[in-house]
Amino acid sequence: MAAVSPFGAQRLDEISSWEQFKLLSIRIDRLDKWAKPGVLCIGDAAHAMSPIGGVGVNLAIQDAVATANLLTAPLLAGELSLRDLEKVQQRRQFPTVATQFLQIKMSRNKARRKSPGGSKIPAIICRLPFLRFVFGRLIGLGFRTESPLLHK
Ligand SMILES: Cc1cc2nc3c(=O)[nH]c(=O)nc-3n(C[C@H](O)[C@H](O)[C@H](O)COP(=O)(O)OP(=O)(O)OC[C@H]3O[C@@H](n4cnc5c(N)ncnc54)[C@H](O)[C@@H]3O)c2cc1C
């Protein structure tokens, strides 16, 4: 491991047995309800993302920004309600569903491209090259960008 790992060999001293290795399962799913009284799930806790497209971290951070934007004022006023918590799902549900849809499409395309004779570039992009820009933007910025609001 030390010979092939990019990490310093001293970090590998931490690993003493195969018991410490875990299988990291990949899945795409989401909760029906992100909030209950006293608890709110965002990021992967609300919607598990696969590595495809490298978008899961983006989505999780945007959930966090939306949460701060929506909940800071009621928290500061000491009036946080379940309805406030539910507003986070209302705002973030669409980008989540749309991003997961894209991930599922991309994973199917990847499987097809691996098949013999499969093209490296999805057919729709060959027909409509401007979609490269659209997909790039969706992957980089997401379906709904969140900007932090300043609260006083
Ligand atoms: C194999 C794999 C590769 C991926 N590659 C990419 C990629 O390249 N780019 C990308 O954008 N996304 C990638 N993703 C998706 C991305 O990792 C997730 O969407 C993203 O990390 C979600 O962020 P999060 O903060 O919601 O959850 P997490 O990053 O999972 O953070 C949750 C944190 O909570 C901690 N925690 C859990 N339980 C407790 C507890 N009881 N008390 C205290 N802390 C706790 C965990 O240790 C963890 O640090 C990948 C996913 C997988 C499975």
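How many residues does helix H2 have, and how far does helix H2 reach from its first C-alpha to its last?

1. Basis of the model. This is a predicted model, in which local features need pLDDT of at least 70, side-chain atom pairs count only at pLDDT 80 or more, and totals for chains, interfaces and linings use all residues. Residues are numbered from 1 along each chain as its sequence is written, and side-chain values use heavy atoms, with hydrogens and water left out.

2. Helix H2. Helix H2 covers residues 56–76, has 21 residues and reaches 29 Å from its first C-alpha to its last, close to the 30 Å expected at 1.5 Å a residue. The expected span is 1.5 Å times one less than the number of residues in the helix. Helices (H or I, at least four residues) and strands (E, at least two) are DSSP runs, numbered from the N terminus.

3. Bend and end of H2. At Leu-70 the helix H2 bends by about 35°, and Pro-74 follows within four residues. The bend at a residue is the angle between axes fitted to the seven residues ending there and the seven starting there. Just after H2, Gly-78 adopts a positive phi of about 70°.

4. Burial along H2. The buried residues of H2 include Gly-56, Leu-59, Asp-63, Val-65, Asn-69 and Pro-74. Buried means under 20% relative accessible area, exposed over 50%, and partly exposed in between (1.4 Å probe, protein chains only). Gln-62, which lies in helix H2, is buried because its relative accessible area is 13%. A polar atom of the Gln-62 side chain lies 3.1 Å from the backbone oxygen of Leu-141. A polar contact is a pair of N or O atoms within 3.5 Å; within protein, one must be able to donate a hydrogen and the other to accept it, and residues adjacent in sequence count only if both atoms are side-chain atoms.

5. A side-chain N or O atom of Asp-44 is 2.7 Å from an oxygen atom of the ligand. From the backbone, an N or O atom of Gly-54 lies 3.1 Å from a ligand oxygen, and a polar atom of Val-55 is 3.4 Å from a ligand oxygen. The protein covers 37% of the 1000 Å² of accessible area that the ligand has on its own. Accessible areas come from the Shrake-Rupley method with a 1.4 Å probe; for residues, only the protein chains shown count as cover.

6. Setting of Asp-44. Asp-44 is in the loop between strand E3 (39–40) and strand E4 (47–48). Asp-44 counts as partly exposed because its relative accessibility is 44%. Asp-44 and Leu-31 are 13 residues apart in sequence, and their C-alpha atoms are 9.8 Å apart in space.

7. Other buried sites. Glu-146, in the segment after helix H5 (131–141), counts as buried because its relative accessibility is 13%. Ala-35 is found in strand E2 (residues 35–36) and counts as buried at 7% relative accessibility.
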